[in-house]
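These are my notebook entries on one structure. I set down what I looked up, entry by entry.

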Amino acid sequence: MGTICVFFEHEGPNVKLLLIGFFQSYLPSQTPSGLKRYRQKELQILRGDGHGQRIPADRIYDYDVYNDLGNPDISVDLARPVLGGPDRPYPRRCRTGRPTTNEDPSSESRGTSVYVPRDEAFSKVKNDTFAAKAFKAVLQILIPSMGGGSIPNADLGFPYFTAIDTLFTQGIELPDDSETGSLPSIIPRLVKFISEKILLRFETPQFVNRDKFAWFRDAEFARQTLAGVNPCVIKLVTEWPLKSNLDPAVYGPAESAITTELIEQEIGGFTTVDEALKEKKFFVLDYHDVFLPFVNKVRELKGRTLYGSRTLFYLTPDDTLRPLAIELTRPPIDGKPQWKQVFKPTWDATGVWLWRLAKSHVLAHDSGYHQLVSHWLRTHCVTEPYVIATNRQLSAMHPIYRLLHPHLRYTMEINALARQSLISANGVIESSFSPSKYSVELSAAAYDQLWKFNLEALPADLINRGMAVEDPTAPHGLKLTIEDYPYASDGLLLWDAIKQWVTDYVAYYYQESCIVRSDNELQAWWKEIRTVGHGDKKDEPWWPELKTPDDLIGILTTIIWVASGHHAAVNFGQFDFGAYFPNRPTIARTKMPTEEPKEEERKQFLKNPVEFLLNCFPSQIQAVIVMATIDVLSTHSPDEEYIGEQIQPYWADNKVINAAFERFNEQLKEIEGIIDARNADTNLSNRSGAGVVPYELLKPFSEPGVTGTGIPNSVSI
């Protein structure tokens, strides 16, 4: 029999109930009669009444729209639209109850901190350790100092490539004041005392240490679509010609300028377009429809430009991708028709530099989509409603609460920090990524058009993108379209391990479907996620039902995968792949020199294409801000909690659950060995070879620091 403790907590005139069940888990129907009232009371307290402003001591979970990213009281330029609702569907965040702004009653006022229920705040240990403290130091001290004089001209680019190298070899001198003086002790990896100067100096990323010039190669450009930091976007081409789904009356002709004739010039002698389609040889990075509606708005902003883009790849016999063409598109503007042009790898000098410039635009699109959709939207943002619903509807004694709790821990705190400084008006993302002030709106458009819960399961995502087909005879029940696809092949190992652990756990508590259907807390939890937390999509037909143990296993495995494996895959490689920003520029600041060029621009490009490319790259301050941010985001703290590493204390006395967790732990250790063996296999060109960064992002465990490996339990950085 487990131990149950009931505590009453006094806070002024209020008395709060804290119900903590040690060791023993209870389904609602199994709760001892003496505890039923306390179980229900605790959930009532956690839900609150939807009124009043939250204070740090509160333990109340409620929902609100994203209406606190702008600051219209300071400037009309800092006003931002509400995200969430019929106009801009979006997941919900935790309600804070702050007063509205004076200028816009639909916007919530901002302050120096954002409320999160105190159970979700970083523990003192975590708050005092590297990751949390460093994140705040970068956002609140280091970045403001950049604009305060270290780099006085915000538009100043890098004059030559060797100037980029000095960020790793010499560093940037910071102002010597009380705040920056504290940075070497908080973020010693970034800020150092050298010769009585305070220097911001970056560690050299693994990518540069292995092959400094890899970013120049088309093969590496293609490889990173499968084994980089954003490997979950590339998809199989199944229809030809490529076409847009946007309204041609608004955005211009829908059909791509990448024609059959053009492509057969590139693959001539190997195959035809029709044969390549049948053999599943064409793949595309498609940033056309999601970016094009924002192009004209972004171009109205100083120092910004944008295109929609498509990049077509061909699968070679050795399972590597070869870029064939890049199409950049600008919609009609100022009475001028749609402009689009296709760029190809070529041998003449002008064509070579146009191709490099086109690649820099595509990479900026990929960086923006990665940060706003693959990372922020698909992990941080969509998970917050799971956290809120879990605490509002599942008692702390509920076995599913206990299964999910490690995977939902700290997410609300890190999301609150993101709303303060990362995705807020004029924050890191807006100031340094191509979509600028429309960045989070773009993520809302992606949520509206693309996000489906059932497709967040890794197998379903791969099938949906044409990167796999169901095959009962193949490992994991899937046959990969590209066998050497590191994210997919390693991810499926982890997916299966998670699913087996969840299956063993669920089977212990839910032997029959009737137990699932009669669990009122569980049913309320799933209903609230669908109809409130993701309420803008409540009527979609793709939501899974929750009637059987298999239904529950699928839902839980998806949530845990998103919070652990998916997040690790798109987060912890950011510094290694993005710190040397020519490999992943976050912004392209100049138009292509072939888009209605002025004579002066044309001459400048032809005279000095290197300078033209450097001017297209991020400015010095944009680059440094992003580099500092992704350094911290890529860091594991000393107290990191990795998936399957430590069993939760409330399972310690349960022999069945204990044994299942031990199997899970052993399976994860085996996965580490399998990944090491794959990275040593010279036949797998997408993860091994001269100067190639091995794919380790889905290895479960890691040492502290920037390691490019390790899967934390939750979205906690």
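Which element gives the most to the lining of the largest pocket? I found that α12 does, with five residues.

**Entry 1: conventions.** I am working with a predicted model, in which local features need pLDDT of at least 70 and side-chain atom pairs count only at pLDDT 80 or more, while totals for chains, interfaces and linings use all residues. Residues are numbered from 1 along each chain as its sequence is written, and side-chain values use heavy atoms, with hydrogens and water left out. Helices (H or I, at least four residues) and strands (E, at least two) are DSSP runs, numbered from the N terminus.

**Entry 2: the largest pocket.** I noted that a pocket is an open set of points on a 1 Å grid over the protein atoms alone, where a 1.4 Å probe fits, with protein on both sides within 12 Å along at least five of seven lines; lining residues have an atom within 4 Å of a point. The largest pocket holds about 1,200 Å³ of space, a volume being the space filled by probe spheres set on the points, which are joined across faces, edges and corners. It has 41 lining residues, and Lys 235, Asp 286, Leu 450, Asn 464 and Arg 465 are the closest to its centre. Among the elements that supply at least two lining residues each are β9 (282-287), α16 (439-450) and α17 (458-464). I recorded 21 nonpolar, eight polar and twelve charged residues in this lining. Here Ala, Val, Leu, Ile, Met, Phe, Trp, Tyr, Cys and Pro count as nonpolar, Asp, Glu, Lys and Arg as charged, and the others, Gly among them, as polar.

**Entry 3: the second largest pocket.** I read a volume of about 860 Å³ for this pocket. Its lining has 28 residues, and Arg 304, Asn 426, Gly 427, Glu 430 and Ser 431 lie nearest its centre. The largest share of that lining, four residues, comes from α3.

**Entry 4: strand β11.** Is this strand largely enclosed or open? Nine of the ten residues of β11 (residues 321-330) are buried (under 20% relative accessible area with a 1.4 Å probe, protein chains only; exposed is over 50%, partly exposed in between), so the strand is largely enclosed by the rest of the structure.

I then looked up its partners; two strands pair if DSSP finds at least two bridges between them. β10 (residues 308-315) pairs with β11 in the antiparallel sense over eight bridges, and Tyr 314 has Arg 322 as its bridge partner. Five residues lie between the two strands of this hairpin, and Asp 319 in the turn has a positive phi of about 70°. β11 also runs antiparallel to β12 (residues 339-343), joined by five bridges, and Thr 329 stands opposite Lys 340.
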